[in-house]
Amino acid sequence: MSIIHTYELNEPSGSAPKGAPPGRTVTSRDVAAAAGVSQSLVSLILSGKPGKKIREETRERVRRTAEAMGYRPNLQAQAMKRRTARTIGLLSIWETGSFVFPPVVNGLKTVCDREGLALTICTGRTEPDGTPDYVAYFLENRIDGLVYLSHVGVGRAGVIDTLERHGIPFVCAIGARDLPDISSVDIDFQHNGRLAAGHLLASGCRKPVILIDPAGNYAERDRYEGFADECAAAGVSVACVGCDGSDWHPEGLQSRLRRLLREQPGMDGFASVSVVAWQMLEAARAEGVAVPERLKVVSLDNEVYAPYLTPALSTVDEPLQAIGAAAGNLLMRLMAGAEPGEKLELPLSLTGRASSGCAATER
């Protein structure tokens, strides 16, 4: 997403701006329409706030437009704006139906309930001048800060750069661990790999395989290192099979996994993310490899469908609700004046199910 920092008025030369329709008070929205800019920009200029890279010429022309239209500020609204909004925003790249979004929102809600705050969902839509909604909400004093539910490997370009430019307090929930000076909450991905390996080893596996890309982002690298370290401590060598997103189409992925089963007949344990582990269950069935008798399977994350597969899939469970709560608490500290850059990594748990040969247990 991009933000336009230089604004121009589209005011026809030689014509005076029209006021509001008869019988209605002129509002900042009317001024914005006449001036060809956003309402948030009009509010920013008429409030007298400095900065934001708005040309002084533009500020003056907006003031003249407002004066010509007979605009009078709402003093009560201005008084309210001098106080905090008592609201925080949430911007998410994850779909609302994903396994990530609902628990993170629930965790964030516990902080809002405790602090007496409201929660506003931002969509990232842009106003006609290119201003994203979360920036407009902040400029209009409708939110005091933002939790950005992002992804591992998120970069500065786009949302993060925009948030920093406008001085909006924010926390990245998931991702941004490798970005300095960005407050973030993530999981301990090495612990993720250790839990998966430890569970397979405890189930009797001595020739485990992990399908992951250790040269990818920090999550993949740490998962592999944790997995390999746990196996090494038990005197067990681990085979790593590389993969990337292009391998994850169900048909191509299952074909590759069936080939892997034929090429590694001694493989007795398998770990990967849920979509891959699911397809391994299907590939094993097609190849006549009994799960969990000959092959034990565990997922490195916890998609919602895992308990309903056949057999039910063992999972390393990400503390998503705790991530939401931790992000909310960290945002409270930022809005109180703390310096950005604090990094939190949360531990995980494991739920054993039939795919690894055990009844449901948590560690």
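## Strands and the sheet

Two strands count as paired when DSSP finds at least two bridges between them. In this predicted model, β3 and β4 run parallel and are joined by 4 bridges. One spot to look for is Leu 149, which stands opposite Ala 173 in β4.

Now step back to the sheet as a whole. This open sheet has 6 strands with parallel pairing, in the order β2-β1-β3-β4-β5-β11. At its edges stand β2 (118–122) and β11 (343–346); each has a single partner strand, so one side of each is left without a neighbour in the sheet. From one strand to the next, the twist averages 20°. Helix α5 packs on the sheet and touches β1, β2 and β3, with its direction making about 170° with that of β1.

In soluble globular proteins, nonpolar side chains tend to be buried together. Here, the largest nonpolar core has 49 residues, and those with the most contacts inside it are Leu 149, Val 185, Phe 227 and Ile 323. Among the elements that each supply at least two residues are β1 (87–92), β3 (145–149), α9 (218–233) and α12 (320–335). The most comes from α12, which gives 9 residues to this core.

Beyond its neighbours within four places in sequence, Leu 149 is in contact with residues including Leu 90, Trp 94, Phe 101, Val 104 and Ala 173. Apart from this core lies another, of 33 residues, among them Ala 35, Leu 44, Ile 54 and Phe 170.

## Charged pairs

Side chains of opposite charge can pair when their charged atoms come close. Across the whole structure, a search finds 16 salt bridges. One of them joins Arg 177 and Asp 222, whose closest N and O atoms are 2.7 Å apart. Arg 177 sits in the loop between β4 and β5 and Asp 222 in helix α9, so this pair ties together parts that are 45 residues apart in sequence. Arg 177 counts as partly exposed, at 22% relative accessibility, while Asp 222 counts as buried, at 8%.

Helix α9 also holds Arg 223, which is linked to Glu 318 in the loop between β10 (314–317) and α12, 95 residues apart. Elsewhere, Glu 164 forms a salt bridge with Arg 156, at 2.9 Å between the closest N and O atoms. Glu 164 is partly exposed at 35% relative accessibility, and Arg 156 is partly exposed at 29%. Finally, Glu 56, Glu 60 and Arg 63 are linked in a network of salt bridges.

Methods:
Residues numbered from 1 in each chain as written. Predicted model: local features only at pLDDT ≥ 70, side-chain atom pairs only at ≥ 80, totals over all residues. Heavy atoms only, no water. Core = buried A, V, L, I, M, F, W, Y, C linked by side-chain atoms within 4.5 Å. Buried < 20%, exposed > 50% of the residue type's maximum accessible area, 1.4 Å probe, protein only. Contact = heavy atoms within 4.5 Å. Axes fitted to C-alpha atoms, helices over the stretch in contact; angles between N-to-C directions. Salt bridge = Lys/Arg side-chain N within 4 Å of Asp/Glu carboxyl O.
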